Amino acid sequence: MLTAIIDYESGNLHSAEKAFQRMAEEVDAGEVVVTSDADVVAKADRLVLPGDGAFPACAAELRGHKGIYDAMVEAVEQNGRPFLGICVGMQLMATTGREYEDTNGLDWVSGEVVKIQPSDPRLKVPHMGWNDLVIDQPHALLDGVESGQHVYFVHSYHFQVTNPAERIAHVDYAGDITAIIGRDTMVGMQFHPEKSQHVGLRMISNFLRWKP
């Protein structure tokens, strides 16, 4: 089994690499590699797309790495490989991003990425730090995870899903903030599982064992 963390020059991948490698060893899930090689992406059994920064810049970088982009799309859309998007990597799964300018996403989960606007003006944006998960839908990713457990966020924009059934979990920040999305063989996390201690590591191990 091979899990590929896609490197498209949009974020520091070191902490994610170490967390995924640690959990792969614990659950005997094979090899984890960080790669910018389209051939490796094409043959991987599972794909992870991280992302840090603004939606338009990340989308441009991803599409600019045409070989990686095409291999990823074929692996997910045609071959049904399990896929995990993290932070902006999750946001890129949307139909449209509204950060700075309207930008097309992958349109794998219908919805748009818009600026966080808490109803309580005392709450600051970005939404940064620990927040309590509220589980909306059962999912294999959440095996052993319960509502009320904490995960770590850093973001100013959030994913508003079109279909409520595709929102797996959310958090409250004077309004709902989507935390996990998913359908078919695709799942995304707005928070950073590699920075979310035992809860995040549990979800990483669940992804590495997931057989949708």
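Me: In what order do the four strands of the open sheet with mixed pairing stand?

Reply: In this predicted model, the order is β6-β5-β7-β11.

Me: What makes β6 (103–104) and β11 (157–161) the edge strands?

Reply: Each of the two, β6 and β11, pairs on one side only.

Me: How do you know that strand β5 (residues 96–97) and β6 pair?

Reply: Two strands count as paired if there are at least two bridges between them, and β5 and β6 have two bridges, in the antiparallel sense.

Me: Which strands make up the open sheet of eight strands, and in what order?

Reply: The order is β2-β1-β3-β4-β14-β13-β12-β9, again with mixed pairing. The edge strands here are β2 and β9 (134–135), each of which pairs on one side only.

Me: What makes the pairing around β4 parallel, and how many bridges join strand β3 (residues 46–49) to β4?

Reply: Strands β3 and β4 run parallel and are joined by three bridges, with Leu47 standing opposite Phe83 in β4. Strand β14 (residues 186–189) also pairs with β4 in the parallel sense, over four bridges, and there Phe83 stands opposite Met186.

Me: Why is β12 called largely enclosed by the rest of the structure?

Reply: Five of its six residues are buried, and therefore β12 counts as largely enclosed by the rest of the structure. Strand β12 (residues 167–172) is joined to strand β13 (residues 176–183) by five bridges, and the two run antiparallel. Among the facing residues, His170 stands opposite Thr178 in β13, and Ala169 has Ile180 in β13 as its bridge partner. Towards β9, the pairing is antiparallel over two bridges, with His170 as the bridge partner of Val134.

Me: Which residues touch the most other members of the largest nonpolar core?

Reply: Of the 71 residues in this core, they are Phe20, Met72, Leu92, Ile180 and Met203. Helix α4 (residues 66–78) gives the most to the core, with seven residues. For Ile180, leaving aside neighbours within four places in sequence, the contacts include Leu141, Leu142, Val187, Phe191 and Met203.

Me: Why is Gly30 counted as partly exposed?

Reply: Partly exposed covers the range between under 20% for buried and over 50% for exposed, and because Gly30 has 42% relative accessibility, it counts as partly exposed. Gly30 is found in the loop between α1 (14–26) and β2 (31–35), and it touches Met1 and Ala24, not counting residues up to four places away in sequence.

Me: Why is Asp28 counted as exposed?

Reply: Exposed means over 50%, and Asp28 has 71% relative accessibility, so it counts as exposed. Asp28 has its place in the loop between α1 and β2, and its phi is near 55 degrees, a positive value in a residue other than glycine.

Me: Why is Glu9 also called exposed?

Reply: Glu9 has 59% relative accessibility, so by the over 50% cut-off it counts as exposed. Its phi is near 60 degrees, which is positive although the residue is not glycine, and Glu9 lies in the loop between β1 (2–6) and α1. Most residues other than glycine have a negative phi, and most peptide bonds are trans.

Me: Which peptide bond is cis?

Reply: The bond from Val125 to Pro126 is cis, with omega near 15 degrees. Pro126 has its place in the loop between β7 (111–115) and β8 (127–132).

Me: What lines the largest cavity?

Reply: The lining consists of Ala59, Leu62, Arg63, Tyr69, Leu92, Gly105 and Leu106, which divide into five nonpolar residues, one polar and one charged. Helix α3 (residues 55–64) supplies the largest share, three residues. The volume of this cavity is about 30 Å³, and the structure holds one cavity of 30 Å³ or more.

Note on methods:
Residues numbered from 1 in each chain as written. Predicted model: local features only at pLDDT ≥ 70, side-chain atom pairs only at ≥ 80, totals over all residues. Heavy atoms only, no water. Core = buried A, V, L, I, M, F, W, Y, C linked by side-chain atoms within 4.5 Å. Buried < 20%, exposed > 50% of the residue type's maximum accessible area, 1.4 Å probe, protein only. Contact = heavy atoms within 4.5 Å. 1 Å grid on protein atoms, 1.4 Å probe; cavity = no way out; pocket = protein on both sides within 12 Å on 5 of 7 lines; lining within 4 Å. Points joined across faces, edges and corners; volume = space filled by probe spheres on them. Nonpolar A, V, L, I, M, F, W, Y, C, P; charged D, E, K, R; others polar.
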